[in-house]
Amino acid sequence: MLKQIDHRGKRFTIDDNDVVDGERIDRCRRADALERQAQQELRGLERAKAVAGPAGANPDVEVLDR
């Protein structure tokens with residue numbers, strides 16, 4: 001059984017007994033691709049937060065929040 005988290009944060013499992021070999025390989029590949037996408041999105045968010053800095057330091061952010 002392979003436990004994964006998709007790009008939306010939803011948990012799912014891939015059970016070896018439920019699928020035939022070809023389908024299992026495809027699901028594993030898709031799960032790996034989704035995991036890589038999720039990691040890239042998290043890194044992008046972290047970079048954006050680092051560039052934006054704290055909200056108090058940037059008055060333009062407060063204008064957008066209104």
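Tutor: Helices here are DSSP runs of H or I with at least four residues, and strands are runs of E with at least two, both numbered from the N terminus. Arg27, for example, is found in helix H1. Please bear in mind that this is a predicted model.

Student: How many helices and strands does the chain have, and which pattern does the chain follow?

Tutor: The chain has two helices and two strands. Along the sequence, these elements follow the pattern β-β-α-α.

Student: Where in the chain is confidence highest, and where is it lowest?

Tutor: Where pLDDT is low, the predicted coordinates should not be read in detail. In this chain, helix H1, residues 21-52, has the highest confidence, with a mean of 88. Helix H2, residues 59-65, has the lowest, with a mean of 54. Over the chain, the mean pLDDT is 76, and 71% of the residues reach 70 or more.

Student: In which sense do strands E1 and E2 pair?

Tutor: Two strands are taken to pair if DSSP finds at least two bridges between them. Strand E1 (residues 2-5) and strand E2 (residues 11-14) have four bridges and pair in the antiparallel sense. Among the facing residues, Leu2 has Ile14 as its bridge partner, and Lys3 stands opposite Thr13. The hairpin has five residues between its strands, and Gly9 takes a positive phi near 90° there.

Student: What span should H1 have, and how far apart are its end C-alpha atoms?

Tutor: The expected span is 1.5 Å times one less than the number of residues. For the 32 residues of H1 this gives 46 Å, and the end C-alpha atoms are 46 Å apart, so the two values agree. Just after H1, Gly53 takes a positive phi of about 75°.

Student: Is Arg27 buried, exposed or partly exposed?

Tutor: Buried means under 20% relative accessible area and exposed means over 50%, with partly exposed in between. Arg27 has a relative accessible area of 36%, and is therefore partly exposed. Its C-alpha atom is separated by 10.0 Å from that of Leu2, 25 residues apart along the chain.

Student: What percentage of the residues in the chain is buried?

Tutor: Of the 66 residues in the chain, 9% are buried. The accessible surface comes to about 5,700 Å², and carbon and sulfur atoms account for 51% of that surface.

Notes
Residues are numbered from 1 along each chain as its sequence is written. This is a predicted model: local features need pLDDT of at least 70, side-chain atom pairs count only at pLDDT 80 or more; totals for chains, interfaces and linings use all residues. Side-chain values use heavy atoms; hydrogens and water are left out. pLDDT is the predictor's confidence in each residue, from 0 to 100. Buried means under 20% relative accessible area, exposed over 50%, partly exposed in between (1.4 Å probe, protein chains only). Accessible areas come from the Shrake-Rupley method with a 1.4 Å probe; for residues, only the protein chains shown count as cover.
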